[in-house]
Structures are given as structure tokens and as C-alpha cells.
Amino acid sequence: MSGAFDSGIFATIAFYVASALTIASAIIVVTQRDLVRAVVALAMSFVGVAAIYFILNAEFIGVVQVLVYVGAISILIAFAVMFIGDLANAGTLSQNRLVSAIAALLLLASVIFVTYNTDWTAIDDVTDPDAVAGLAGQYEVTSSDSDDAVIRAVGAGAEEARGGALVDGSSHIGPFLIRELILPFETLGLLLIAALIGALIVIRGRREDDAA
């Protein structure tokens with residue numbers, strides 16, 4: 001953690017604490033038979049991931065993580081758990097747990113392999129001034145002869161100067177999502193509502209059949 005990131009000992013400790021919270025909560029999710037406790041552990045795992053985003057100065061993604069996963073997905077899963085009539089038998093072990101464990105280990109091995117064999121570039125190793133400005137400095141966007149946008153480093157007092165991606169990207173991401181992607185957002189909202197209504201109808205139909 002250097003350059004645009006917080007390099008203090010507090011940030012390092014916070015990173016390891018958030019990582020430990022995320023991993024421990026994820027282990028509880030896959031090992032806990034009580035579905036209610038598993039949902040709570042899943043929410044805590046999402047909170048740990050959001051904390052890592054905040055530590056890495058990705059505040060916008062961290063807020064989205066809290067709003068979408070902690071505030072929406074966890075609640076949706078909690079509703080699904082409440083719809084289950086027999087909670088005592090709902091947490092029985094799956095017959096495919098061996099296959100799931102093997103798949104999880106293979107995925108973990110792939111992540112570790114890619115992590116150790118990738119030539120990661122730290123921000124301090126970037127020497128191009130325009131690239132540095134786009135990451136952690138001040139820049140402006142210009143157009144070239146081919147009408148392609150070009151990032152050019154400028155001083156902090158320049159007109160229409162933008163902060164780098166690691167400084168403050170929310171001021172540019174937010175308007176883009178609201179202006180350019182408003183239709184997909186509204187469509188996703190309608191789909192989620194339709195799915196929730198459909199789930200209620202299915203559960204209600206099953207309960208009426210059981211009562212009959």
C-alpha cells in the first residue's frame with residue numbers, strides 16, 4: 001500500500017482484519033447448518049469485502065457493495081430462508097459436498113496460481129506522466145485526429161481538470177450510471193420485483209396445497 005493508498009500501519013492492520021473477517025465469515029457460510037446464522041455470516045462476509053474496497057480507496061465500489069450486497073442480496077436471501085417451512089431439515093448436508101469441495105479447491109488453486117504468476121505493477125513503478133495523472137493526479141480529456149479520447153496530464157489549477165481514478169472516481173461514475181445506464185437500472189428493478197412477487201405466489205400456492 002503506497003502512493004495513492006494509505007501506507008500507515010493502521011491501514012495495514014485494517015486490511016488484515018477485514019480479510020480475516022471475510023474469510024472466516026465465508027467459511028461459516030459453507031459449514032453452518034443453521035440457515036439463519038449462515039445468512040448473517042454471509043452479510044458479514046460482504047461487509048468485510050466492502051471494508052477492503054474502502055481501504056483501497058475505492059469508495060464508490062465499497063458503497064455499492066454495502067447497498068447492493070449487504071442491504072439487498074442479504075435481505076433477499078433472508079426472505080428466502082423465512083419462506084422455508086422446515087428449517088430443521090433445511091440445513092442437512094448435501095450429497096454433492098465432495099464434488100463441491102474439490103471444485104472449490106481447484107478454484108482456490110487457480111486463483112493462487114494466477115496471483116503468484118502475474119507481474120503486478122505498483123503505482124510507484126508507473127513512469128508515464130499521463131498514466132500517473134489518470135491514476136492519482138490531475139488530467140483532462142482531449143480528442144485526437146481520430147476522435148479518440150486522450151488523457152493528458154495537467155496542473156491542479158487547470159480548467160475542467162479531473163482527479164485520477166484512485167483520487168475520486170465517483171464524481172464521474174455516478175453521472176454516467178444515472179444518465180447512460182438509467183434504463184438498465186430500472187429494468188433490473190422491475191425484474192427483481194417480478195421475481196419477488198413470483199416467489200411469494202409459489203410459496204403461497206404450496207402452503208395452500210399442504211393445507212388442503
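Modeller: Just after helix 2, Asn57 takes a positive phi of about 65°. This is a predicted model, and helix 2 itself covers residues 35-55. At the start of helix 2, a side-chain oxygen of Asp34 comes to within 3.1 Å of the backbone nitrogen of Val36. The length of helix 2 can be checked: its 21 residues, at 1.5 Å a residue, should span 30 Å, and the end C-alpha atoms are 30 Å apart, so the two values agree.

Several residues of helix 2 are buried, among them Ala38, Leu42, Ser45, Phe46, Gly48, Ile52 and Ile55. The buried residues of helix 2 pack against helix 1 (9-31) and helix 3.

Glu59 counts as partly exposed because its relative accessibility is 39%, a value between the limits of 20% and 50%. Leaving aside residues up to four places away in sequence, Glu59 touches Tyr53 and Phe54.

Phe54 also belongs to a nonpolar surface patch of about 620 Å², together with Val63, Val64, Val66, Leu67, Val68, Tyr69 and Ile73. Helix 3 gives the most to this patch, with seven residues. Leu67 counts as exposed because its relative accessibility is 58%, and the limit for exposed is over 50%.

Terms used. Residues are numbered from 1 along each chain as its sequence is written. This is a predicted model: local features need pLDDT of at least 70, side-chain atom pairs count only at pLDDT 80 or more; totals for chains, interfaces and linings use all residues. Side-chain values use heavy atoms; hydrogens and water are left out. Buried means under 20% relative accessible area, exposed over 50%, partly exposed in between (1.4 Å probe, protein chains only). Contact means heavy atoms within 4.5 Å. Helices (H or I, at least four residues) and strands (E, at least two) are DSSP runs, numbered from the N terminus. The expected span of a helix is 1.5 Å times one less than its number of residues. A polar contact is a pair of N or O atoms within 3.5 Å; within protein, one must be able to donate a hydrogen and the other to accept it, and residues adjacent in sequence count only if both atoms are side-chain atoms. Patches are made of residues with over 30% relative accessible area and no salt bridge: like charges are joined within 9 Å, nonpolar side chains (Val, Leu, Ile, Met, Phe, Trp, Tyr) within 5 Å. Accessible areas come from the Shrake-Rupley method with a 1.4 Å probe; for residues, only the protein chains shown count as cover. A salt bridge is a side-chain nitrogen of Lys or Arg within 4 Å of a carboxyl oxygen of Asp or Glu.
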